[in-house]
Amino acid sequence: MTIAVTRTGVPATSPAAGNAAPDGTVQYLSVGALELESGAVLPEVVLAYETWGTLNADASNAVLIEHALTGDTHVTRGAGGEPGWWEQLAGPGAPVDTDRYFVVSINILGGCYGSTGPSTPAPDGRPWGSRFPLVTLRDSTAAEARLADALGIHRWHAVLGGSLGGARALEWAVSYPERVRRCAVIAVGAYSTAEQIAFAQAQTLAIRQDPRFNGGDYYGGPEPHDGLALARRIAHITYRSAAELEGRFGRTGQDGETPLAAGPLSGRGRYQVESYLDHQGNKLVQRFDANSYIAITEALMSHDVARGRGNLRQALAGATAEFFIAAVDSDRLYFPEQSRELAAALPGEVPVHVISAPIGHDGFLTEIGQLGGVLRDAFFA
């Protein structure tokens with residue numbers, strides 16, 4: 001699998017090299033060895049990241065935007081002109097105005113878009129593969145704090161994200177309260193529930209049971225695309241609402257196919273919703289590494305901001321950031337009540353803003369514009 005390519009054709013750079021990369025260009029930085037929560041040690045961690053805008057003299061205008069599970073660092077378009085995944089939220093003139101703020105996005109530890117992960121070389125030169133250790137969101141946050149240090153950012157104006165990105169933002173605010181002024185947590189709760197862990201386990205098992213998985217050591221040979229595509233199908237069902245799937249597809253057969261045709265089960269035609277899920281699975285295998293999918297999914301399974309910190313209120317008591325909590329009203333993966341539980345446990349009175357979207361969980365991406373005005377007023381006025 002090809003990883004960590006720049007989108008502009010400009011060679012990747014790092015702050016250590018003293019080069020100023022164009023906006024929206026993937027850069028890389030080694031943050032050294034990292035001891036993980038599990039006790040394992042990664043001897044060298046490299047993080048891939050992108051930036052937009054200019055850091056001001058006292059580094060008070062830095063904003064960290066955290067990507068979701070299979071997202072990348074390309075939040076908004078840069079020098080190369082390629083669209084980003086949250087342009088309703090970030091960019092010139094957007095609520096997070098890159099003409100005013102220095103925006104940073106970091107590929108999560110364990111990812112496959114340039115950060116150290118299962119597909120990157122271990123010290124022996126071979127891909128980590130099955131040897132890659134469990135990483136948690138706290139581990140990823142610790143690595144990101146070192147990158148922030150290297151950029152000269154000692155306190156973020158704001159940290160924000162949706163879904164997995166929101167969990168990462170919350171972990172930042174609790175692990176490093178003195179480094180986060182404002183924190184937006186969108187479409188995720190304070191921890192992964194048993195149901196969310198169950199859905200996640202089904203996805204990781206789909207990959208592990210692919211005959212081509214080879215225990216995670218498939219690099220250089222056939223990749224477990226069938227397992228990864230199945231994992232994506234399972235996930236995508238949770239990303240969309242029942243009403244959206246019914247209204248969009250219903251029981252209609254795919255064009256040119258007959259779901260009730262006579263013949264063996266293996267040869268019947270598909271319903272449109274099946275074709276849609278096939279499409280989503282096939283798209284992901286073209287751009288994502290199966291081991292990274294497992295690594296990041298298990299990092300999300302580990303999400304529990306109160307782990308080792310007492311109950312939820314006790315865990316959040318030390319957070320000094322101003323919080324912005326939001327949920328998608330039709331979300332059936334991270335239910336709105338989880339956002340309300342988080343808000344109620346935070347110090348002070350924290351309202352829960354609602355994205356109204358029939359689509360389900362993915363509304364945090366497609367309908368984030370609904371929050372643009374209130375988020376601008378709260379954090380970026």
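Two residues are in contact when they have heavy atoms within 4.5 Å of each other. In this predicted model, Leu170 makes such contacts with Cys183, Val185, Gly189, Ala190, His303, Val305, Leu316, Phe323 and Leu342, leaving aside residues up to four places away in sequence. Leu170 belongs to the largest nonpolar core, which has 78 residues. Together with Trp156, Tyr293, Leu316 and Phe323, Leu170 is among the members that touch the most others in that core. Another core, of 28 residues, lies apart from the largest one and includes Ile359, Leu375, Phe379 and Phe380.

Helix α6 covers residues 272-285. The buried residues of α6 are Ser275, Tyr276, Leu277, Asp278, Gln280, Gly281, Leu284 and Val285. An α-helix has 3.6 residues a turn, so residues three or four places apart point the same way. The elements that cover the buried residues of α6 include α4 (225-239), α5 (242-248) and α7 (290-301).

Helices α4, α6 and α7 also take part in the largest pocket: each supplies at least two residues of its lining, as do α3 (194-208) and α10 (363-366). The volume of this pocket is about 860 Å³. Its lining consists of 40 residues, and those nearest the centre are Thr70, Gly71, Arg232, Arg287 and Leu365. Sorted by class, the lining of the largest pocket comprises 17 nonpolar, 15 polar and 8 charged residues.

Definitions and conventions: Residues numbered from 1 in each chain as written. Predicted model: local features only at pLDDT ≥ 70, side-chain atom pairs only at ≥ 80, totals over all residues. Heavy atoms only, no water. Helix = DSSP H or I, 4+ residues; strand = E, 2+ residues; numbered from the N terminus. Expected span 1.5 Å × (residues − 1). Buried < 20%, exposed > 50% of the residue type's maximum accessible area, 1.4 Å probe, protein only. Core = buried A, V, L, I, M, F, W, Y, C linked by side-chain atoms within 4.5 Å. 1 Å grid on protein atoms, 1.4 Å probe; cavity = no way out; pocket = protein on both sides within 12 Å on 5 of 7 lines; lining within 4 Å. Points joined across faces, edges and corners; volume = space filled by probe spheres on them. Nonpolar A, V, L, I, M, F, W, Y, C, P; charged D, E, K, R; others polar.
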